Amino acid sequence: MSNENVKTEASELPENMQKVTLAIVFIDIINSTKFVQRHGAKTAAAWFQAHDKLARSLVYKHNGREIDRSDGFMLSFYNLGDAIQFALKYQEIIPKKTPFDSRIGIHWTDIIEVHQEDKYTAVGAKSVELEGIGKATAARCMSICQDKQILLTKQAYLKLKSIINI
């Protein structure tokens, strides 16, 4: 199949997909594997649940959406300001209330949102998935962060700059 056949315009997307512009936020809990090894699965699970409850509360307060979870989160926000405010509050609150430090990467991008059918979510699929290079870019941004850092990609920085007129 040639690249021509693979490429589709947003108007040609299936009805369960739409092209959107949003902030993708990746959070990584630093040394989560060592934490589990040191404290055991039961203690770690309790702390991760406490972390996740706090983080999800902040996501909700800042109009975000959880896309996926592992030893951190992949989140999306339709407003870059909400994503940045979330990240700042997260770094202010979470380390004080849990034993975890994290790093956060934020990317502003066009991406395809895929809304899964109920029959798939009923067996564990995520209700919304993101597809496109922007997801990998956001993950790479997070991966080069240092402990307790929030890092914006160039696209996120330029969007922020345009919002605050600097």
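This briefing describes how aromatic rings pair in the structure shown above. The model is predicted, so local features need pLDDT of at least 70 and side-chain atom pairs count only at pLDDT 80 or more, while totals for chains, interfaces and linings use all residues. Residues are numbered from 1 along each chain as its sequence is written, and side-chain values use heavy atoms, with hydrogens and water left out. The structure holds five aromatic pairs.

**Ring pairs**
- Rings of Phe, Tyr and Trp (its six-membered ring) pair if their centres lie within 6.5 Å; planes under 30 degrees apart count as stacked, over 60 as edge-to-face and the rest as tilted.
- Phe 35 and Phe 100 form an edge-to-face pair, because their ring centres are 4.9 Å apart and their planes stand at 70°.
- Phe 35 belongs to helix α2 (residues 32-39) and Phe 100 to the loop between α4 (80-97) and β4 (102-115), so this pair ties together parts 65 residues apart in sequence.
- Helices (H or I, at least four residues) and strands (E, at least two) are DSSP runs, numbered from the N terminus.

**Burial**
- Buried means under 20% relative accessible area, exposed over 50%, and partly exposed in between (1.4 Å probe, protein chains only).
- Phe 35 counts as buried at 8% relative accessibility, and Phe 100 counts as buried at 2%.

**A second pair and the cluster**
- The rings of Phe 48 and Phe 100 are stacked, because their centres are 5.0 Å apart and their planes are at 10°.
- Ring pairs link Phe 35, Phe 48 and Phe 100 into a cluster.
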